[in-house]
Amino acid sequence: MRLSSPDVDIALESTELEVTGKRGEARLGFRMTAAGEPVGQGAKTLILSGLRAYEPEALRGLVERYAGWKATGRAGV
């Protein structure tokens with residue numbers, strides 16, 4: 001099938017996360033449309049490794065450091 005319009009929109013349709021110990025698998029389902037009409041669907045699977053238990057204090061420190069970088073204009077560098 002060929003599309004007459006090169007403008008294709010992709011929208012997230014579903015997310016799944018399965019964790020087994022230090023490994024995990026994230027699945028992102030999506031739907032594609034062109035001119036408001038559905039033209040396809042798909043999924044992307046991401047393999048995760050080295051996962052750790054959630055530690056709120058460690059995450060809070062990371063967020064605070066990022067906020068500091070962002071305030072000084074260094075975020076994303």
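Analyst: The account below takes the salt bridges in turn and then turns to their surroundings.

The model is predicted, and the count of salt bridges in it comes to two. One of them joins E13 to R31, with the closest N and O atoms 2.7 Å apart. E13 belongs to strand 1 (residues 8-20) and R31 to strand 2, so this pair ties together parts that are 18 residues apart in sequence. E13 is partly exposed, its relative accessible area being 47%. R31 also counts as partly exposed, at 31% relative accessibility.

The other salt bridge is formed by E57 and R60, whose closest N and O atoms are 2.6 Å apart. Both residues lie in helix 1, where they are three residues apart and thus separated by about one helical turn. E57 has a relative accessible area of 58% and is exposed, because the limit for that class is over 50%. R60, at 43%, is partly exposed.

Helix 1 spans residues 56-71 and also contains V63. Together with Y54, L59 and L62, V63 makes a nonpolar surface patch of about 400 Å².

The phi of A35 is near 55 degrees, a positive value in a residue other than glycine. Most residues other than glycine have a negative phi. A35 is exposed, with a relative accessible area of 69%.

Key: Residues are numbered from 1 along each chain as its sequence is written. This is a predicted model: local features need pLDDT of at least 70, side-chain atom pairs count only at pLDDT 80 or more; totals for chains, interfaces and linings use all residues. Side-chain values use heavy atoms; hydrogens and water are left out. Patches are made of residues with over 30% relative accessible area and no salt bridge: like charges are joined within 9 Å, nonpolar side chains (Val, Leu, Ile, Met, Phe, Trp, Tyr) within 5 Å. Accessible areas come from the Shrake-Rupley method with a 1.4 Å probe; for residues, only the protein chains shown count as cover. A salt bridge is a side-chain nitrogen of Lys or Arg within 4 Å of a carboxyl oxygen of Asp or Glu. Helices (H or I, at least four residues) and strands (E, at least two) are DSSP runs, numbered from the N terminus. Buried means under 20% relative accessible area, exposed over 50%, partly exposed in between (1.4 Å probe, protein chains only).
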